Amino acid sequence: MFPDTVILAGGLGKRLKSITGDTQKVLVKIGDQPFLEILIDYIASQGGRRFILCVGHGSDEVEAHFKDKYHDREIIFSREESPLGTGGAIKQGSQHVKTDQFLAMNGDCFCVIDYNRLIAFHQQQKSKATLGVTLMPDARDYGTIEIAANGTIQAFKEKQSMISQAFINTGTYCFDRNVFSLVETPSKFSIEYDFFPHLVGKGFYAFEVENRFIDIGTPERYSWAKEHLKALKGQK
């Protein structure tokens, strides 16, 4: 069974305001289709049928768009009453998960990835958490990840102006359903900064993705995403 998928869909998207205006960032159009819809369709093409959308800012708009959108898949909304951070939102959303593992990801990122291979890797390693990573030729604008020879994650590093090639986070994760029992967390926390570093040494693995991930966090990246996703959609 393909695991449930938890997607962050409530960010403020401040850097993309010149493009989105008052529209929730994940609903920004790529051609004639909202970005989040493209992501959900891609996961569904590999077997995904149950999606939990973590909504906050712009929740009414996201819920209105997806409430009755599909007949072949289930959409559940996990609404923040106040901002919970990326970790708090995923943790709250995970309460709706029914499968032993679940995928989690950012709703403003798209990565060409074989989710079934990621899930199989997670299960084979008996991992508690598996992070999709990609090797970035120029990683100066990103926090980077150190990985041991056996695939376990060793450390997270802040942005470094002198660094060149390094592994970075794609924003795609596979978790055991009880992963949040491994680390004590407050109700509001960052998955990247407050949770992941504390998972090191607790069955935390990296799964390498060869393709560059696409995010729409800035006008420049959105413009790049439009061209590359258009080409991807044309291949279907």
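These questions and answers go through a predicted model of the protein.

Me: What share of the 236 residues of the protein counts as buried?
Reply: The protein has seven helices and 13 strands. Its accessible surface comes to about 11,500 Å², and 47% of that belongs to carbon and sulfur atoms. Of the 236 residues, the share that counts as buried is 53%.

Me: Which residue in strand 5 stands opposite Arg 50?
Reply: Strand 4 covers residues 50-55 and strand 5 covers 74-79. The two strands pair in the parallel sense, over six bridges. Opposite Arg 50 stands Glu 74.

Me: How wide an arc do the buried residues of helix 3 cover around the axis?
Reply: The buried residues of helix 3 (59-66) are Ser 59, Val 62, Glu 63 and Phe 66. They lie on the same side of helix 3, because the arc they cover around the axis is only 95°. Residues three or four places apart in an α-helix point the same way, because there are 3.6 residues a turn. On the other side of helix 3, Asp 60 and Ala 64 are exposed.

Me: Is Val 55 buried or exposed?
Reply: Val 55 lies in strand 4. Beyond its sequence neighbours, it touches residues including Val 62, Glu 63, Phe 77 and Ser 78. Its relative accessibility is 0%, so Val 55 counts as buried.

Me: Which helix do the buried residues of helix 4 pack against?
Reply: Helix 4 (85-93) has as its buried residues Gly 87, Gly 88, Ala 89, Ile 90 and Gly 93. Among the strands they pack against are strand 1, strand 4, strand 5 and strand 6. Strand 11 is also one of their partners. The helix they pack against is helix 6.

Me: Which side chain does a polar contact of 2.9 Å join to that of Gln 101?
Reply: Gln 101 is in strand 6 (101-106). At 16% relative accessibility, it falls under the 20% cut-off and therefore counts as buried. Its contacts beyond sequence neighbours include Pro 3, Asp 4, His 122 and Phe 175. The side chain joined to Gln 101 by the 2.9 Å polar contact is that of Gln 123.

Me: What is the phi of Lys 126?
Reply: Lys 126 sits in the loop between helix 5 (115-124) and strand 8 (129-136). At 69% relative accessibility, it counts as exposed. Most residues other than glycine have a negative phi. Lys 126 is not a glycine, yet its phi is positive, at about 55°.

How values were computed: Residues numbered from 1 in each chain as written. Predicted model: local features only at pLDDT ≥ 70, side-chain atom pairs only at ≥ 80, totals over all residues. Heavy atoms only, no water. Buried < 20%, exposed > 50% of the residue type's maximum accessible area, 1.4 Å probe, protein only. Helix = DSSP H or I, 4+ residues; strand = E, 2+ residues; numbered from the N terminus. Arc of directions from axis to C-beta. Contact = heavy atoms within 4.5 Å. Areas by Shrake-Rupley, 256 points an atom, 1.4 Å probe, with all protein chains shown as cover. Pairing = 2+ DSSP bridges. Polar contact = N/O pair within 3.5 Å; in protein donor to acceptor, adjacent residues only side chain to side chain.
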